[in-house]
Amino acid sequence: MTTTPITQSVHWDLHYDIHLGRTWGRFMEGLKEGRIWATRCAGCARVFVPPQAYCESCFEPIDKWQELGTEGTLEVFSVAWHGFTGGPTPPYAIGGIRLDGASTLLMHWIVGIDFDDPATVHKQLPLGTRVQAVWATERTGQILDITHFEPVRP
């Protein structure tokens, strides 16, 4: 017996407010000021960006803050070749950036890739490439105050 797949059309139009809390609130306020804040665990010295209120390694509360620079290393990236409703127009790349001094990765948009030949994408931006944050002209305290990361120009 052959079963025909059934497709249903579903539309979600969601608007919601998120309570950021003290830790993420400070992070977002920093972005508004053009600063990237991280938290540092006193127990194991890990540096978290985005910041965390508790260390995921030793489970200690974190109350130490430090400012990071805007440059880091591209550790991983993925290219989305197909879009979804409400999402950005493909193709686009999202990367994990280890900002200088951070123990964790910050996920964000990566630009500077020519998507015309999919076979060359990984060669254009090899892992380990130095990247830098590009700030929005007008910042409002949201993650897109950093519009994207791009390769550091010599």
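Entry 1: I count two strands as paired if DSSP finds at least two bridges between them. Strands (E, at least two residues) and helices (H or I, at least four) are DSSP runs, numbered from the N terminus. I kept in mind that this is a predicted model, where local features need pLDDT of at least 70, side-chain atom pairs count only at pLDDT 80 or more, and totals for chains, interfaces and linings use all residues. Residues are numbered from 1 along each chain as its sequence is written, and side-chain values use heavy atoms, with hydrogens and water left out.

I looked at β1 and β3 and found them paired in the antiparallel sense over five bridges. One detail I noted is that Arg-40 has Lys-64, in β3, as its bridge partner.

**Entry 2: charged pairs.** I searched the whole structure for salt bridges (a side-chain nitrogen of Lys or Arg within 4 Å of a carboxyl oxygen of Asp or Glu). The search gave six.

Glu-67 and Arg-35 meet in one of them, at 2.8 Å from N to O. Glu-67 lies in β3 and Arg-35 in the loop between α1 and β1, so this pair ties together parts 32 residues apart in sequence. For exposure I used relative accessible area: buried is under 20%, exposed is over 50%, and partly exposed is in between (1.4 Å probe, protein chains only). Glu-67 is partly exposed at 39%, and Arg-35 is partly exposed at 31%.

I also found Glu-71 and Arg-130 joined by a salt bridge at 3.4 Å, N to O. Glu-71 sits in strand β4 and Arg-130 in strand β7, 59 residues apart. Salt bridges that share partners bring Asp-100 into one network with Glu-71 and Arg-130.

**Entry 3: cysteines.** How many disulfides are there? I counted zero, taking a disulfide as a pair of cysteine sulfur atoms within 2.5 Å. Cys-41 is in no disulfide, and its nearest cysteine sulfur belongs to Cys-58, 3.4 Å away. That distance is too far for a bond. Cys-41 is buried, with a relative accessible area of 0%, whereas Cys-58 is partly exposed at 27%.

**Entry 4: the core.** I defined a nonpolar core as a set of buried Ala, Val, Leu, Ile, Met, Phe, Trp, Tyr and Cys residues joined through side-chain atoms within 4.5 Å. The largest one has 25 residues, and those with the most contacts inside it include Val-49, Phe-77, Ile-113 and Phe-149. Among the elements that give it two or more residues are α1, β1, β4 and β8.
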